[in-house]
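Here is a short report for a first look. Take a moment with the sequence and the 3D view before reading on.

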Amino acid sequence: MAATQAGKRGRTGRFAPYALVLPGWVWLALFFVAPIASVVSMSLMTGSLGAGYSFTFEVGNYTRALGLYWEQILRSLLYGGLATLLCIAIGYPVAYWIAFKGGAYKTTYLLLVLLPFFVSFVLRTISWGFILSDNGVILGALKGLGVLPADFGVLNSATAVVFGLAYNFLPFMVLPIYAVLERMDHRVVEAAHDLYAGRVQAFVRVVLPMSLPGVFAGVIMVFIPTSADYVTATVLGGTGNTMIGKVIQTQYLVNNAYPLAAAITFVLMAVLLIGIFSYAKALGTEQVMEVQAR
Amino acid sequence: MATATEESRARQGAGAPSGAAAISLEQIVKTYRSGGEDVQAVRGVDLRIEQGEFFSLLGPSGCGKTTTMRMVAGFEDPTSGTVRLHGDDVTGIPPHRRDVNMVFQSYALFPHMTVFDNVAFGLRRKGEAAGEIRRKVAESLELVELSGRERTKPGRLSGGQQQRVALARALVNRPSALLLDEPLGALDLKLRQAMQIELKRIQRDVGITFVYVTHDQGEALTMSDRIAVMNGGRVEQLGTPAEIYERPATRFTAGFIGTSNLLSGTVDGHRGGFAEIGIDGAGEILAECDSPAGSRVDLTVRPEKIALDTAEPSADRARLPGVVAEVVYLGSTTHYTVRLGDGTEIVVFRQNSSDAASAADRGDTVWVSWRPEHAYALPGT
């Protein structure tokens with residue numbers, strides 16, 4: 001009697017962990033696996049919104065996606081890459097300064113970095129449209145002073161899109177870098193100074209390599225969404241700066257070309273995944289993870 | 001830079017009494033600003049640390065020992081005073097341009113580098129040739145018995161091994177002085193004791209001046225040639241381990257180093273080189289004391305100098321009657337607490353040797369006694 005009870009309890013114990021992760025699995029299945037599966041199957045269908053779609057294993061959607069829009073895909077990766085580099089260039093010093101010089105006000109400075117997030121993403125981007133417009137607050141004033149020629153413009157250019165993307169995703173770069181720098185043992189930096197490294201050497205040899213996991217996380221968190229972004233390019237870019245996100249949106253919602261849109265989506269996803277994995281490989285994931293684990 | 005030091009060392013010769021000390025601190029004061037208030041961490045420290053010496057800064061936390069060491073390393077600048085290395089004023093010179101290296105309490109190894117790269121770090125910054133670096137790193141790892149672990153990352157080493165890497169990383173540069181900030185604090189007791197002997201051996205082998213910061217008096221006594229006992233930002237006493245232990249200069253040192261019995265009394269007179277001192281409410285004893293008759297003094301006696309007897313000891317010993325209040329058996333020794341007539345408690349350590357007379361029990365009336373030269377009046381009391 002007692003033995004069977006113990007046995008029962010043992011069995012429940014064995015299944016308990018699986019029961020606990022069940023909600024997680026259900027969530028993933030519903031909101032990740034199912035949509036992906038639906039996109040994949042949609043990308044291999046033919047038909048129209050009116051006549052309905054049928055699964056015909058239409059690989060042509062992919063060749064069309066690549067053939068028609070390779071330019072936008074490459075441009076998206078380029079803009080996303082440039083915005084990511086810009087985010088590192090601006091975000092790293094900011095994170096460094098807050099972590100090492102922020103003193104008692106670290107939290108306040110972090111809040112300031114996050115403050116733009118309290119305003120809607122679209123609204124912020126549109127505001128930049130106003131600020132940077134040809135006769136807006138900045139350019140208008142500078143043109144009035146004769147500093148800039150009358151036909152000078154920033155909007156509707158690749159520059160505007162890249163800077164807009166960098167602006168919108170900057171906190172995603174600052175936060176992970178800050179997190180790594182903040183918990184870095186300051187004695188390690190002192191040890192570098194003690195071993196004849198000046199400020200530059202100590203930074204290059206010790207601080208920077210030790211903060212790479214933060215940069216790694218930041219790059220992933222900025223590069224993926226910026227490459228797929230369509231709001232910024234739509235608002236700040238012109239006809240020559242279309243990014244792939246905009247194409248997908250148009251194909252889905254304007255042309256209702258669901259299979260083609262699904263194929264482009266999947267191509268973008270595949271390109272990003274391959275990019276991220278080769279990036280991790282090149283950087284040496286093991287090393288990155290090892291430092292982070294400490 | 002390295003050659004200049006080598007020359008200066010050669011000029012001086014080992015342990016030459018004249019000439020510049022390896023490290024000299026002159027009237028060092030360090031004041032921090034904390035919460036709108038000035039906190040004096042170090043209040044006028046003067047020290048001369050000789051070439052090749054194993055020197056300890058010993059004191060409780062907050063006594064200023066670490067701050068003092070950090071000023072030698074260059075991580076802190078003194079508010080006033082001068083730091084000299086081999087006679088050269090280095091006050092205000094940043095750490096990377098000082099010929100001293102530090103072993104940190106937390107080791108502060110570079111986690112992203114292999115053991116080899118950690119140890120080679122300083123040599124590379126000094127721009128030494130690759131071949132030289134390989135040779136010196138190998139030699140240094142051999143010294144700390146870590147040969148063969150060159151390719152390992154510090155995270156895969158045990159605490160004791162990390163400690164050795166930190167030591168090798170500093171020693172490989174052959175600094176004019178090595179600063180060690182409680183380097184054994186994170187190790188367990190057995191390993192700590194083994195490393196104490198190891199550190200002393202390494203120091204003898206390489207002949208580099210070691211400055212060792214610790215709050216552990218046992219560690220300081222075991223390894224040091226000289227100890228500076230610090231308290232409240234000042235040096236309380238400076239001397240060899242034996243001097244510090246046998247002749248504590250202040251009440252603080254007497255209490256901080258080992259276990260000490262403190263007795264208060266009045267000098268009644270002098271006889272045969274000793275003073276007769278009336279211990280309040282306990283009896284009259286002989287002790288070393290130069291104070292004139294009538295002055296109040298504090299005496300200290302180390303517990304292991306005291307004998308415990310049931311019969312009255314001979315009159316040439318300092319002796320006081322009391323009652324055993326506590327008996328603690330510790331294997332090789334037994335610690336007795338004896339309460340004197342006035343309530344003062346005296347701690348007695350007794351070896352549990354086989355020929356020892358049967359021990360006293362709690363509540364027994366006993367005599368505590370010691371040779372008069374083992375009781376010592378603290379100066380300035």
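Contact here means heavy atoms within 4.5 Å. The model is predicted.

## The interface between chains A and B

Chain A brings 21 residues to the contact, and chain B brings 28 residues. Together the two chains bury about 2300 Å². Carbon and sulfur atoms give 59% of that area. On the chain A side, D194(A), L195(A) and Y196(A) lose the most area to chain B. These three account together for 36% of what the chain A side buries.

How many salt bridges are counted between chain A and chain B? The count is one. The partners are the side chains of E190(A) and R70(B), at 2.5 Å from N to O.

Three helices of chain A each supply at least two residues of the side that touches chain B: α7 (186-194), α8 (199-228) and α12 (285-293). Which element gives the most to that side? It is α7(A), with seven residues. By class, the side of chain A that touches chain B has ten nonpolar, four polar and seven charged residues.

## A buried glutamine in chain A

Q72(A) sits in helix α2 of chain A, which covers residues 60-101. Is Q72(A) buried or exposed? Its relative accessibility is 16%, so Q72(A) counts as buried. The cut-off for buried is under 20%.

Which residues does Q72(A) touch, apart from its neighbours within four places in sequence? They are T242(A), M243(A), I244(A) and V247(A).

## Two residues with positive phi

F57(A) is not a glycine, yet its phi is positive, at about 55°. The residue lies in the loop between β2 (52-55) and α2 of chain A. F57(A) counts as exposed because its relative accessibility is 54%, and exposed means over 50%.

Where is Y107(B) found? Its place is the loop between β6 (100-103) and α3 (115-125) of chain B. With a relative accessible area of 6%, Y107(B) is buried. So F57(A) is exposed, whereas Y107(B) is buried.

Terms used
Residues numbered from 1 in each chain as written. Chains lettered and ligands numbered in written order. Predicted model: local features only at pLDDT ≥ 70, side-chain atom pairs only at ≥ 80, totals over all residues. Heavy atoms only, no water. Helix = DSSP H or I, 4+ residues; strand = E, 2+ residues; numbered from the N terminus. Buried < 20%, exposed > 50% of the residue type's maximum accessible area, 1.4 Å probe, protein only. Buried area = accessible area lost by both parts, 1.4 Å probe. Salt bridge = Lys/Arg side-chain N within 4 Å of Asp/Glu carboxyl O. Nonpolar A, V, L, I, M, F, W, Y, C, P; charged D, E, K, R; others polar.
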